[in-house]
Amino acid sequence: MNEYIAYCGLDCETCEARIATVNDDNQLREKVAKLWSELNGVEISPEMINCVGCRIDGVKTPFCDSICPIRKCASARKYETCADCAEIEECEKVKMIFENNANALKNLKRI
């Protein structure tokens, strides 16, 4: 399985936070921090925009590292991704991801 596919099916390889990290692009970090702050109603600083990918060893954004309920659940259950879960179709944790990104579920079903 592509290691850049997150537990939820999002493609970390296309995530601007990962791109900013890999390219050490501070302008992109600032852009992402501003956008994510507006979308989430919380203050996110450019320094928080460091992530190599959800399932890859290395730095993560604070949300991905310790807050994301999807990552916590799948990791605790020792799943490679949410595709390993029998409850994936009814799961409230990933429901919003699938509703907002049709490719996420497709990514997981390709396994």
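At 0% relative accessibility, Ala104 counts as buried (under 20% relative accessible area; exposed is over 50%, partly exposed is in between; 1.4 Å probe, protein chains only). The model is predicted: local features need pLDDT of at least 70, side-chain atom pairs count only at pLDDT 80 or more, and totals for chains, interfaces and linings use all residues. Residues are numbered from 1 along each chain as its sequence is written, and side-chain values use heavy atoms, without hydrogens and water.

Ala104 sits in helix α6. Helices (H or I, at least four residues) and strands (E, at least two) are DSSP runs, numbered from the N terminus. Beyond its neighbours within four places in sequence, Ala104 is in contact with Cys8, Gly9, Leu10, Ile97 and Phe98 (heavy atoms within 4.5 Å). Ala104 and Ile5 are 99 residues apart along the chain, yet their C-alpha atoms are separated by 8.5 Å.

The largest nonpolar core holds 16 residues. Such a core is a set of buried Ala, Val, Leu, Ile, Met, Phe, Trp, Tyr and Cys residues joined through side-chain atoms within 4.5 Å. Tyr7, Ile70, Cys82, Ile88, Val94, Phe98 and Leu108 touch the most other members. Helices α4, α5 and α6 (102-109) each supply at least two residues of this core. The most come from α6, with three residues. A second, separate core has seven residues, among them Ala20, Leu28, Val32 and Ile44. Cys82, in turn, touches Tyr7, Cys8, Ile70, Ala74, Ile88, Val94 and Leu108, residues up to four places away in sequence not being counted. In soluble globular proteins, nonpolar side chains tend to be buried together.

Helix α4 has Ile70, Arg71 and Ala74 as its buried residues. Seen down the axis of α4, they fall within an arc of 95°, so they line one face of the helix. The arc is that of the directions from the helix axis to the C-beta atoms. An α-helix has 3.6 residues a turn, so residues three or four places apart point the same way. The buried residues of α4 pack against α3 and α5.

Two or more lining residues come from each of α1 (16-23), α2 (26-40), α3 (62-67), α4 (69-76) and α5 (92-100). By class, the lining comprises 26 nonpolar, six polar and seven charged residues. Ala, Val, Leu, Ile, Met, Phe, Trp, Tyr, Cys and Pro count as nonpolar, Asp, Glu, Lys and Arg as charged, and the others, Gly among them, as polar.

Two loop residues have a positive phi. Asp24, between α1 and α2, has a phi of about 45° although it is not a glycine. Asp24 is exposed, at 54% relative accessibility. Most residues other than glycine have a negative phi. Cys91 lies in the loop between α4 and α5 and is partly exposed, at 21%.
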